[in-house]
Amino acid sequence: MSLIDQFEVQFNELSNFELVDGSLSEIQPVELAGMLNQEINRAINEIGLSAQLVGFNIYLSSHDFTRLEKYKNLIIDGLLNLVDKTAELKRIENLGQVEVNILKDSSLSTGVMKCVPLVEDLVQVNETIKAYILEIGGMKKQLEERLYVLGRGTDVDIQINDSGISRKHLSIEISESISIKDLNSTNGTFINGERIIEYFAEDEVTFKIGTSKIKIYRDLI
């Protein structure tokens, strides 16, 4: 027995066969199931892997909507079951948490229906959220937008145990960019082999203080 036949049998039993004798021009629930089944296949083939199918809006004429409204929840439950079974049988992966809505469209004639898929783009929103990361010797620390003091002493924001580093060696200010300022350290701060006093970078910078190599860069969080 096909999924459409299963839907019809289940609906007729649950509704006590009340709608079986509708006129030929009126929409029967099984016709909704057949249309939805076709629309699932068409939509899945068209949306690709960058989106997922999250639902369907089924539109009926005023007459058909009024006639079926009493059974709307029963029909929707059956259609959702049809979607689940279709996805399982055909191993459809890009189906989200699917919803089915039955709506009235007064522009449609009796016996005419349409089905519109609801599609959601699979955009990774957090790909646009980046933070500055400080990396030294395998240790990583996320930096907030504020001023940090680095050094060997205990009264600094980021302490580095390196005898070649001054107690308060340099400051790093994080905002829309990176600002590095040497705090008159004894052994200096070096970028690309050159001693710097102050340095600005947009997204990434690597510098050396004492024997320690430090990298600051933007990364996804």
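The following paragraphs lead the reader through a predicted model of a single chain, from its overall make-up to individual residues.

Residues are numbered from 1 along each chain as its sequence is written, and side-chain values use heavy atoms, with hydrogens and water left out. Because the model is predicted, local features need pLDDT of at least 70 and side-chain atom pairs count only at pLDDT 80 or more, while totals for chains, interfaces and linings use all residues.

The chain has four helices and 14 strands; helices (H or I, at least four residues) and strands (E, at least two) are DSSP runs, numbered from the N terminus. Of its 221 residues, 43% count as buried. Here buried means under 20% relative accessible area, exposed means over 50%, and partly exposed lies in between, with a 1.4 Å probe and protein chains only. The accessible surface of the chain comes to about 13100 Å², and carbon and sulfur atoms hold 46% of that surface; such areas come from the Shrake-Rupley method with a 1.4 Å probe, and for residues only the protein chains shown count as cover. Among contacts with a separation of 6 or more, 61% join residues 24 or more positions apart, a contact being heavy atoms within 4.5 Å.

The largest nonpolar core has 29 residues. Such a core is a set of buried Ala, Val, Leu, Ile, Met, Phe, Trp, Tyr and Cys residues joined through side-chain atoms within 4.5 Å. Leu32, Leu36, Ile58, Leu60, Ile75 and Leu79 are the residues with the most contacts inside this largest core. At least two core residues come from each of helix 1 (3–14), helix 2 (29–47), strand 1 (51–60), helix 3 (62–68), helix 4 (72–90) and strand 2 (95–104). Helix 2 supplies the largest share, eight residues. A second, separate core has 22 residues, including Leu134, Tyr148, Ile160 and Ile180.

Charged residues form a further set of links. Side chains of opposite charge can pair when their charged atoms come close. A search of the whole structure finds six salt bridges, each defined as a side-chain nitrogen of Lys or Arg within 4 Å of a carboxyl oxygen of Asp or Glu. One of them joins the side chains of Glu26 and Arg67, at 3.2 Å from N to O. Glu26 lies in the loop between helix 1 and helix 2 and Arg67 lies in helix 3, so this pair ties together parts that are 41 residues apart in sequence. Both Glu26 and Arg67 are buried.

Another salt bridge joins Asp157 and Arg146, at 3.7 Å from N to O. Asp157 belongs to the loop between strand 6 (147–151) and strand 7 (158–159), and Arg146 to the loop between strand 5 (139–143) and strand 6, so the pair ties together parts eleven residues apart in sequence. Asp157 is partly exposed, with a relative accessible area of 39%, and Arg146 is partly exposed at 36%. The side chains of Asp155 and Lys168 also meet in a salt bridge, at 3.7 Å from N to O. Asp155 sits in the loop between strand 6 and strand 7, and Lys168 in the loop between strand 7 and strand 8 (170–174), 13 residues apart. Lys168 is partly exposed, with a relative accessible area of 43%.

The charged end of Lys114 sits over the ring of Tyr59, 5.2 Å from its centre, and Arg218 lies over the face of Tyr132, at 5.0 Å from the ring centre. A charge sits over a ring if NZ of Lys or CZ of Arg is within 6 Å of the ring centre and within 35 degrees of the ring normal.

Most residues other than glycine have a negative phi. Asn184, in the loop between strand 9 (178–182) and strand 10 (189–191), has a positive phi near 55° and is exposed, with a relative accessible area of 77%. Asn192, in the loop between strand 10 and strand 11 (194–196), has a positive phi of about 55° and is exposed, with a relative accessible area of 73%.
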